[in-house]
Amino acid sequence: MIPAAFEYHRPSDIAAALSILTEYGDDARVIAGGHSLVPMMKLRMAEVPHLIDLQDIGTLRGIDVGADRIRIGAMTTQHDLINHDALTNAAPTIRETALQIADPQVRYMGTIGGNVANGDPGNDMPALMQCLDATFYLTGPNGERTVSAREFYFAAYATDREDDEILTAIEFAHPMPGFAYEKQKRKIGDYATAAAAVLIQRDGERCTGASIAMTNLSDTPVFAEDAAATLVGTAVDSAAIAAAIEAMQQAIDPSEDNRGPVPFKRHIAGVVLQRAIERAWSRA
Amino acid sequence: MNEKAPLDRDERISNLKGMGCSRKRVEDVRFTQGRGNYVDDVKLPGMLFGDFVRSPYAHARIKSIDTEAAKAIPGVIAVLTAADLAPLNLHWMPTLAGDKQMVLADGKVLFQGQEVAFVVAEDRYAAADGIEAVVVDYEELPVITDPFKALADDAVVLREDLEAGADGAHGPRRHHNHIFLWEAGDKTTTEQAIDSADVVAEEMVYYHRTHPCPLETCGSVASMDKITGKLTLWGTFQAPHVVRTVASLLSGIEEHNIRVISPDIGGGFGNKVGVYPGYVCSIVASIVTGKPVKWVEDRMENLMATAFARDYWMKGRISATKEGKITGLECHVTADHGAFDACADPTKFPAGFFHICTGSYDIPTAYVGVDGVYTNKAPGGVAYRCSFRVTEAAYFIERMIEVLAIELDMDAAELRRINFIRQDQFPYQSALGWEYDSGDYHTAWDKAMAAVGYDDLRKEQAEMVEAFKRGESRKLLGIGLTHFTEIVGAGPVKNCDILGMGMFDSCEIRIHPTGSAIARLGTISQGQGHATTFAQILATEIGIQADSITVEEGDTDTAPYGLGTYGSRSTPVAGAATAMAGRKIRAKAQMIAAYLLEVHDDDVEFDVDRFVVKGAPERFKTMKEIAYAAYNQAIPGVEPGLEAVSYYDPPNMTYPFGAYICVMEIDVDTGTHHVRQMYALDDCGTRINPMVIDGQVHGGLTEAYAIAMGQEIAYDEIGNCKTGTLMDFFIPTSFETPHYTTDHTVTPSPHHPIGAKGVGESPNVGGVPAFSNAVHDAFRAFGLRQSHMPHDQWRIWETANKLGMHA
Amino acid sequence: MKKTPIELNVNGQTRTVLVEPRELLIHTLREQLELTGPHVGCETSHCGACTVEIDGRSVKSCTLFAVQAAGAEITTVEGLASPDALHVLQTSFREHHGLQCGYCTPGMITRAHRLLQENPNPTEEDVRFGLAGNLCRCTGYQNIVKSVLAAAEELNTQKEAAQA
């Protein structure tokens, strides 16, 4: 498994990175942690004549937990997310999710930006970002723009990011207190058979807000708006959860792979969502 | 200065670090510092790299191969195709099973990943570019991945090279995709016994296709020295001497001009027994280019093209009296051998030792028939931590026992107990022709039952079933029972050979003048710790401290001829050779000691590390003194020096056994499981190094766990391998792997010089049915009789679904 | 493709190597710097046999181009022992039979080394989770876990003794 030859660029700021991207267009790709891209290059399933390494761009790194919003630089690694106390206090769902990604070595390298930008439906962060209603910051030759995580994904590996844009940061408001990321997989290092990201807010025994998104059950992450809506106003009892699962089932479109056939995936989607809602509710 | 007090006898024994102690491994000092020397670590001046163009199709005709663009790539030295190998008659090679196999595709390809062309380049990067540039024009042909469909009248002919209607290596072929029918036992008597029995259980038991997948893949470095005419071949060879003989027969190079070296091997598990096209191509490329050529497969190539294991469809019938006494066993196997019959079995046993499938039970009559079949899958059929299809046999009988227990509405532990071969029946003649050497199954079984608290577990299980039925819980408990009997230590030369080479093994010992020693063996360690344990055998046999004995294997220029390491044969065969060679040393040492002590030979006796005058233990000569004397004294009637060699032809196989119990919780909703307890009692006869034995058992159980719970080589309908990376080919991490409890009984082999039986494979052989039976047992109360492995999450879910357990 | 010189700081020494941009770090280490402790096992970042430490992170060097590591501090298994003695992890793996064929061992020990830097008092579950990026086919992990837990204890004892 040897990649095809390429030219390597290591710009020290965004402007330099953008100018390389603009110069080479389709022929250029940015690399963050590289643990999705490099295996694809080794299998020669991704051809990248110009590889732009973002590691020297310090402004892409860092976690800023503000009073209203939380901002995370795209080059922040899963390992950094897991070990950031302020972030864990403010949005513990990030840590819970990041710990379920791949394995320790991959988490030292894998970045949140790479995880959300690459468009792999198996990645865990995209659904969480949709659940959090995160905003992605994209910078291109025409300047910066933002796009909602819920609008970002078109199909597998197809996103709203233009070829000459770099995803620089994600940002989201302080989340609802009840949270859970429930993932079923075959082993550590595997993608999800199905996973559910849930955020819940409660007032006594009544659910006052909910957000739900699902991983690896379609060719994009699935923001299950209707499923969340069914919970709001209920006591999150078994009937409400069943209704949420029913609504979620309308939104997903899993396909068969080595993890199992479609009916199994749908079944597991229901199980992980039920467990995620219950856990989130208990924490709310 | 005070004179040091003489050591007492116990101290002398302890200093030897001989048999029975948990001696720390000598290998580890290198390995923990990254100083191993594996084949990919071999680096020679001017070395080139070879890599394969492989077929993307499972069955296709090759219309043309264009190598021009590849040859034009900077760094590419040569591109070999079948057309280049044909003049040397090396485009095909014989397999270990009496078939032949394409080295490079000759006119067609028969499985995905088959070797089509070999690109030789200055480095692995240029070789990879060269592969991309080779243009092959394929014409797709119908694909057969199902061995039953392969035998249909109108099935496409896979092996056009085989003459229609001609016999194969193992007798008549009744269909163009048929390889052999191999039979054992008495068919008529067995059918009569079963047809007239009170109770008959019938089941199809499938042991799916999997792969040994050692962490190091296969590879070789060939270096042909045109000036000396000598070929040196480093490689991942579990049987280096056999490779030398095969290389000589294939290439025409005389055997003394070939030196085969197995360096450190990063795990074998059967993967490295076979002879692969990469080895042949690296040799040819070295001859052609005059430079050393390295070939190392990547993981996808390893999983797709070298050495699958299992893939046995076993249709069985077992009969019993209504009290549960077994009266007969019948099995018909449809064996999927893939595109070429490259199974690694002793020549006369095309289905290996599958006919050990009467297991631990006294079964009066039995019959086995195995049909080998060609399909468009990778060749191999190696013994994955197994002695030649013993895993399949153990899984088959341990499943049939469970199914019979269901049929009889009996407890499966009790059913086993009343059918075990009794201790007083050994040596025991099995209905399928084996002579079991020794065993005490009831003792082992009772110990295992007590250790896990069997009766309480059954009560807890019943309570969980009730809770499930009441809708209070979605969890079930499975108790997976297994009592396996292995057959290892192949084997007696009278009926065991590989390519005509009898399956003896060997040890050569040289005692140095200062009393240390080197021992060389015909086997090769792949992690088993031979350098540690064989030195322990010798230490006990010759009284020289294990720390003063170097054990060396794997270099055919220095090691005596042996058949290598697989099938748990090292300890039973080479271990015996080591003991026997040691005894020759001791016999000579006795004469030297008697001479030095000025007494008759019969008046001295061996005592730990010395010979003492009988009745006068203060008069002695240590082995160190004797060794020195062997080199510096003229002893009448005794040649100088102290060396010995033994070639050991075992009189029989050895029959290790064990009782394994797995306690597993299953989440019916997710199909996930939790192994709460895995208890493994092994009886491998005399125990050489308990620490190493435990390590072997832990490792084998983990392989068994993987195989039973998720590991498979799977194909889609057009023959694409769906499990080509470690994302999809299940190897559990430390996080999923259960914790194990090991235990033992000791029933020495009566015919082995030190009573040892071998242990390497037992945990794989016994572990798979234990894990699988736990899954089955969890669902027994809901009507499950048989479900196919691997029991991954979706298959467990499907099982529950079919039983109506998902509302 | 043109090769360019890069500087790698490996096991405390600065080494200059000529690499194509596509050269994987594992190949640079093994073939140019002759540090053959790290091994290639799966090539898809699942097995961890190629694990080395880069700037305080455990990294699978088969999934990193050498150019990406230019300027970084790299430690391989060869760099763990001091001139006088093996690292506690190395002796502990031998003591507790934490290895068999030895192929996964360099990556396993290198990873365990970082794990204990970050968590000097791990539980068994911490170790099992922390080593889950390293596959072993021989040992079933039980003795590896034992080796790491014992090494943690020994390192803590040494630390206390040094402070006393």
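Across the interface of chain C and chain B, 7 salt bridges are found in this predicted model. One salt bridge joins C:Glu95 to B:Lys24, with the closest N and O atoms 4.0 Å apart. Polar contacts across the interface of chain C and chain B amount to 25 residue pairs, with both residues at pLDDT 80 or more. On the side of chain C that touches chain B, at least two residues each are supplied by helix H1 (25–32), helix H2 (88–95), helix H3 (105–118), helix H4 (124–130) and helix H5 (142–163) of chain C. In terms of contacts, 50 residues of chain C meet 56 residues of chain B. The area buried between chain C and chain B is about 4,500 Å², and 54% of it lies on carbon and sulfur atoms. Within chain C, the residues that lose the most area to chain B are C:Arg94, C:Arg137 and C:Gln142, which together account for 19% of what that side buries.

The interface between chain A and chain C involves 32 residues from chain A and 35 residues from chain C. About 2,700 Å² is buried between chain A and chain C, with carbon and sulfur atoms giving 62%. In chain A, the most area is lost to chain C by A:Phe6, A:Gln105 and A:Tyr108, together 24% of what that side buries. The count of salt bridges between chain A and chain C is 1. This salt bridge is formed by the side chains of A:Asp103 and C:Lys60, at 2.5 Å from N to O. A further description of the interface of chain A and chain C is given by polar contacts, for which 11 residue pairs are found, both residues being at pLDDT 80 or more. Helix H2 (37–42), strand S3 (50–53) and helix H6 (104–109) of chain A each give two or more residues to the side of chain A that touches chain C. The largest share of that side, 6 residues, comes from H6(A).

Aromatic pairs were examined next. Over all chains, the structure holds 40 aromatic pairs. One of them is formed by A:Phe136 and A:Tyr153, which are arranged edge-to-face with 6.4 Å between centres and 85° between the planes. A:Phe136 belongs to strand S6 (residues 135–140) of chain A and A:Tyr153 to strand S8 (residues 153–155) of chain A, so the pair ties together parts that lie 17 residues apart in sequence. A:Phe136 is buried, its relative accessible area being 0%. A:Tyr153 is also buried, with a relative accessible area of 11%.

In chain B, the ring centres of B:Phe52 and B:Trp295 are 5.9 Å apart and the planes stand at 75°; the pair is therefore edge-to-face. This pair links distant parts of the chain, with B:Phe52 in strand S1 (residues 48–54) of chain B and B:Trp295 in strand S14 (residues 293–296) of chain B, 243 residues apart. Both B:Phe52 and B:Trp295 are buried. Through ring pairs, B:Phe52 and B:Trp295 belong to a cluster that also holds B:Phe118, B:Phe237, B:Tyr276 and B:Tyr279.

Charged side chains are also placed over aromatic rings in chain A. The charged end of A:Arg202 sits over the ring of A:Trp281, at 3.8 Å from the ring centre. A:Arg283 lies over the face of A:Phe179, and here the distance to the ring centre is 4.0 Å.

Two helices of chain B were considered in detail. Helix H5 (residues 124–133) of chain B is mostly covered, with 9 of its 10 residues buried. The buried residues of H5(B) comprise B:Arg124, B:Tyr125, B:Ala126, B:Ala127, B:Ala128, B:Asp129, B:Gly130, B:Ile131 and B:Ala133. The N-terminal end of H5(B) is capped by B:Asp123, a side-chain oxygen of which lies 2.9 Å from the backbone nitrogen of B:Tyr125.

Helix H7 (residues 187–195) of chain B contains B:Thr190. B:Thr190 is buried, with a relative accessible area of 0%. A polar atom of the B:Thr190 side chain lies 2.5 Å from the backbone oxygen of B:Asp186. The backbone oxygen of B:Ala366 is found 3.2 Å from a polar atom of the side chain of B:Thr190. When neighbours within four places in sequence are left aside, B:Thr190 is in contact with B:Leu329, B:Glu330, B:Thr365, B:Ala366 and B:Tyr367.

Methods. Residues are numbered from 1 along each chain as its sequence is written. Chains are lettered from A and ligands numbered from 1 in the order in which they are written. This is a predicted model: local features need pLDDT of at least 70, side-chain atom pairs count only at pLDDT 80 or more; totals for chains, interfaces and linings use all residues. Side-chain values use heavy atoms; hydrogens and water are left out. Rings of Phe, Tyr and Trp (its six-membered ring) pair if their centres lie within 6.5 Å; planes under 30 degrees apart count as stacked, over 60 as edge-to-face and the rest as tilted. Helices (H or I, at least four residues) and strands (E, at least two) are DSSP runs, numbered from the N terminus. Buried means under 20% relative accessible area, exposed over 50%, partly exposed in between (1.4 Å probe, protein chains only). A charge sits over a ring if NZ of Lys or CZ of Arg is within 6 Å of the ring centre and within 35 degrees of the ring normal. Contact means heavy atoms within 4.5 Å. Buried area is the accessible area (1.4 Å probe) that two parts lose on being put together, summed over both. A polar contact is a pair of N or O atoms within 3.5 Å; within protein, one must be able to donate a hydrogen and the other to accept it, and residues adjacent in sequence count only if both atoms are side-chain atoms.
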